[in-house]
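Colleague: I would like to learn how to read a chain like this one. Please take me through it feature by feature.

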Amino acid sequence: MENQFVLTIDIGTRVIKTHIFTPNGICVQSSAQNWINQNAQGIPLGLEFNPSYLLGIIQKLVLRTLSSNISQNSVRAIICTCQRLGYIFLDRENKAFYGIPNIDRRAMEEARLILPSYGEQIYRITGRWPGPSHLLTKIRWFQKNKSLNS
């Protein structure tokens, strides 16, 4: 298993980290960069991020972490993790155009309205009550407030 590595990508709320590990779990290389969600202009409690910007950070960190002493061909596995990063909306050509992080709370009212009619059913299926961070409430917010194509 000489010269075999695992690349990890960890997308956090405030920091993106990449690591190279040996099969025995020894970290041999790391990189990190801060990033931050933006306030969604004119949207109370709304946050957003640019998916292209996020991808650019990830690409830069992966290349920096691989560096000259670890070849791409020696990476045998890639693990990507994020704690409910949020949602990335795609256009009709499947290109990412809008990102909403998990900590966005724009859909508070939609969550409140869904709860009486569908709350129990959603909870039985998912084990979670519908809240402002769930996709259903975000989509309802967009239907009422903003075009997904804008």
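**Reading the chain**

Colleague: What should I know before I start?

Modeller: Leaving aside its neighbours within four places in sequence, Ile70 is in contact with Phe5, Ile20, Val28, Gln29 and Thr65. Contact means heavy atoms within 4.5 Å. Ser133 works the same way: beyond four places in sequence, Ser133 is in contact with Tyr87, Asn102, Asp104, Arg105 and Lys138. Note also that this is a predicted model, where local features need pLDDT of at least 70, side-chain atom pairs count only at pLDDT 80 or more, and totals for chains, interfaces and linings use all residues. Residues are numbered from 1 along each chain as its sequence is written, and side-chain values use heavy atoms, with hydrogens and water left out.

Colleague: Where is Ser133 found?

Modeller: Start from how elements are named. Helices (H or I, at least four residues) and strands (E, at least two) are DSSP runs, numbered from the N terminus. Ser133 sits in the loop between α2 (108-126) and α3 (135-145).

Colleague: Is Ser133 buried or exposed?

Modeller: Buried means under 20% relative accessible area, exposed over 50%, and partly exposed in between (1.4 Å probe, protein chains only). Ser133 has 18%, so it counts as buried.

Colleague: How many helices and strands does the chain have?

Modeller: There are 3 helices and 8 strands. Read from the N terminus, the order is β-β-β-β-β-α-β-β-β-α-α.

Colleague: What share of the residues is buried?

Modeller: Of the 150 residues, 37% are buried. For the surface, areas come from the Shrake-Rupley method with a 1.4 Å probe; for residues, only the protein chains shown count as cover. The chain has an accessible surface of about 9,600 Å², and carbon and sulfur atoms hold 53% of it.

Colleague: And contacts along the sequence?

Modeller: Take the contacts with a separation of 6 or more. Residues 24 or more positions apart account for 54% of them.

Colleague: Which residues have the most contacts inside the largest nonpolar core?

Modeller: The general idea comes before the case. In soluble globular proteins, nonpolar side chains tend to be buried together. A nonpolar core is a set of buried Ala, Val, Leu, Ile, Met, Phe, Trp, Tyr and Cys residues joined through side-chain atoms within 4.5 Å. Here the largest core has 17 residues, and Ile11, Ile16, Trp35, Leu54 and Ile58 have the most contacts inside it. At least two of its residues come from each of β1 (5-11), β2 (15-21) and α1. The largest share, 6 residues, is from α1.

Colleague: What is Ile11 in contact with, beyond four places in sequence?

Modeller: Its partners are Ile16, Trp35, Leu54, Ile58, Cys80, Thr81, Cys82, Gln83 and Leu85. There is also a second, separate core of 8 residues, which includes Ile43, Tyr98, Trp141 and Phe142.

Colleague: Back to Ile70. Where is Ile70 found?

Modeller: Look in the loop between α1 and β6 (75-82). At a relative accessible area of 6%, Ile70 is buried. Ile70 and Arg128 are 58 residues apart along the chain, and their C-alpha atoms are separated by 43 Å.

Colleague: What about Thr22?

Modeller: Thr22 is another loop residue, between β2 and β3 (27-34). Its relative accessibility is 17%, so Thr22 is buried. Outside four places in sequence, Thr22 is in contact with Gln4, Phe5 and Val28.

Colleague: Which backbone angles deserve a look?

Modeller: Check phi for positive values outside glycine. Leu45 has phi near 65°, a positive value in a residue other than glycine. Leu45 lies in the loop between β4 (38-39) and β5 (47-48), and at 57% relative accessibility it is exposed. Asn94 also has a positive phi, near 65°. Its loop runs between β7 (86-90) and β8 (96-101). Asn94 is exposed, at 60%.

Colleague: How many residues separate Tyr53 and Asn94 in sequence?

Modeller: They are 41 residues apart in sequence, and 17 Å apart from C-alpha to C-alpha. Tyr53 belongs to helix α1 (residues 51-66). With 47% relative accessible area, Tyr53 is partly exposed.
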